[in-house]
Amino acid sequence: MRERTASSPDRRTRARDWGRHALLLLLLVSALLLLRRTGYLSDLRGRLSLPGGPAASGAAAETPLPRPFSALTPVAVTVRGAEGGGRYGAAYDAEETAAVFRRFSVDLGEALGSAGAPRDTDEAALHALLERSALTLHFACPMPLELLSGWLGVEMSSDAAADAPLWLCLSASETEALLGYRTQSGACRVCATAVNPESFRAHTAEYAPNGTLYAWESERLPDGGDALLLPGAPEAAALVSAVPLPRAAETDAIMAAMGMNSFVASSYTEADGTMVYVSDDNTLRLSPDGTVFFRRTVSPDTAADDEGLAAAVSRAWQAAERSLLPMAGDGEMRFAGALRVQAQRTVTIYLDYAADGIPVRLASGHAAEIVLRGETVVQARLQLRQFTRTDRAAQLLPYLQAAAIAAHAQGRAELIYADAGEATACMWVIADG
């Protein structure tokens, strides 16, 4: 009996211990479930994996920045397999232009990385390059070669890195491969490269001609300049656009993309319905019309070293990917320009929406204007949009007629989706020549 009596308290103690452990386990599981529902865990993972963020250290800090090809995909491409042969072309088709871009990415990277000093030439010489085995990339905005080479994983030592052409050509004869382009000021330039001409010519031979011409090759529009003339008219689906209203999780994602902690931010609503979020020295304003303004009033303490344009665009694209793209529906995001201000040690990255490879022009400006100082977003203006592809086809003029009208106005034809916030229309517009 004494043994039975002595063991009873031990069993009661063990039972209480097990009960406490079970209670702690239950509380832990409940807390994890609550955190999961609030989105905090995914937000924390995002902050830990964001290069340059406060938690980035060791292996995480050494992780290379992602370089999504979609941000730099050209709006049009042409490939000519051999001198005297026909030309293949694709335009305003995200899938096809991206496929060609990827196919020649190694050749293009080698050409940019090995490019020699640019030398001035003339229009006729550039046209001669396009008549050989050649790849040509046409961009929606001037493309800094420093950025293009950086995203292809190579560093340019040539002075050509400072140029930003609207189109770029890699051309090969039997003995050499040359890089040709026209600068924003209109200067025609060419660079020697170390690309193997035989290998490159073999790649261009993979593409069968489909009747694509440049205007200067056409008897019907010889004065049309560099206008690209594909057979027939472009195909584009009609889009429906809307201004999305961010839910709590999406608002938290926008704040996280700007470097704000939504869990410590205070908020209030202004008379016009604008939501204002304040955290430390950061302020984010979310207007009912879908415009987001962010400002960091105190500059980073650390020296803001210039990481290079490729890294800056990667960081801006990451911010847009976390804030704009989750609500964009069928919309994509494309590079639309950059502006360096040396006195302030900042770089502003401009991004635009696109749909199926066709640029979207918002009446109120770029989809995103993100100002970086070093690794830190110090200011941003974002425009939230949601795009939905419909089964209806847009009615568009053929390439030849659109180019002829633009040439008569001394400009060039561009295909865009014009978006005014409530309606979106696919149309040809006339841009500066």
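This is a predicted model: local features need pLDDT of at least 70, side-chain atom pairs count only at pLDDT 80 or more; totals for chains, interfaces and linings use all residues.

Me: What makes aspartate 120 and arginine 189 a salt bridge?
Reply: The N to O distance between the two side chains is 3.2 Å. The cut-off is a side-chain nitrogen of Lys or Arg within 4 Å of a carboxyl oxygen of Asp or Glu, so a pair like this qualifies. The structure holds 17 salt bridges.

Me: Why say that aspartate 120 and arginine 189 tie together parts that are apart in sequence?
Reply: Aspartate 120 sits in strand E3 (residues 119–121) and arginine 189 in strand E7 (residues 188–192), so the pair ties together parts that are 69 residues apart in sequence.

Me: Aspartate 120 and exposure: how do you know which class it belongs to?
Reply: Exposed means over 50% relative accessible area. Aspartate 120 is at 58%, so it counts as exposed.

Me: Is glutamate 414 called buried or exposed, and why?
Reply: Buried means under 20% relative accessible area. Glutamate 414 is at 10%, so it counts as buried. Arginine 361, at 31%, counts as partly exposed.

Me: What else does glutamate 414 meet in a salt bridge?
Reply: Arginine 412, with an N to O distance of 2.6 Å between the side chains. Arginine 412 has 28% relative accessibility, so it counts as partly exposed. Elsewhere, Arg80, Arg87 and Glu217 are linked in a network of salt bridges.

Me: Why is leucine 397 called partly exposed?
Reply: Partly exposed is the range between the buried limit of 20% and the exposed limit of 50%. Leucine 397 has a relative accessible area of 40%, so it gets that label. It's in the loop between strand E20 (386–393) and helix H11 (399–408).

Me: What makes Leu397, Ile405 and Ile430 a nonpolar patch?
Reply: A patch takes residues with over 30% relative accessible area and no salt bridge, and nonpolar side chains are joined within 5 Å. Leucine 397, at 40%, clears the area limit. Together the three form a patch on the surface with about 270 Å² of accessible area.

Me: Which residues touch the most other members of the largest nonpolar core?
Reply: Out of 103 residues, they are Leu147, Leu148, Met258, Leu284, Ile349, Tyr353 and Ile370. Helix H10 (residues 309–323) gives the largest share of this core, eight residues. The core draws at least three residues from each of domain 1 (69–231) and domain 2 (239–389).

Me: What is isoleucine 349 in contact with?
Reply: Leaving aside neighbours within four places in sequence, its contacts include Leu309, Ala312, Val313, Ala316, Phe335 and Ile370. Apart from that core lies another, of five residues, among them Ala215, Leu229, Leu400 and Ala403.

Me: Which residues of helix H5 are buried, and what covers them?
Reply: In H5 (residues 105–114) they are Ser105, Asp107, Leu108, Gly109, Ala111 and Leu112. The cover includes helix H4 (94–103), strand E4 (133–138) and helix H7 (145–151).

Me: What is said of phi in glutamine 410, and how exposed is that residue?
Reply: Phi is near 60°, a positive value in a residue other than glycine. Glutamine 410 lies in the loop between H11 and E21. At 73% relative accessibility, it counts as exposed.

Me: And what about aspartate 356?
Reply: Its phi is near 55°, again a positive value in a residue other than glycine. Aspartate 356 lies in the loop between strand E16 (346–355) and E17. Its relative accessibility is 24%, so it counts as partly exposed.

Definitions and conventions: Residues are numbered from 1 along each chain as its sequence is written. Side-chain values use heavy atoms; hydrogens and water are left out. Helices (H or I, at least four residues) and strands (E, at least two) are DSSP runs, numbered from the N terminus. Buried means under 20% relative accessible area, exposed over 50%, partly exposed in between (1.4 Å probe, protein chains only). Patches are made of residues with over 30% relative accessible area and no salt bridge: like charges are joined within 9 Å, nonpolar side chains (Val, Leu, Ile, Met, Phe, Trp, Tyr) within 5 Å. Accessible areas come from the Shrake-Rupley method with a 1.4 Å probe; for residues, only the protein chains shown count as cover. A nonpolar core is a set of buried Ala, Val, Leu, Ile, Met, Phe, Trp, Tyr and Cys residues joined through side-chain atoms within 4.5 Å. Domain bounds come from an automatic or database domain assignment. Contact means heavy atoms within 4.5 Å.
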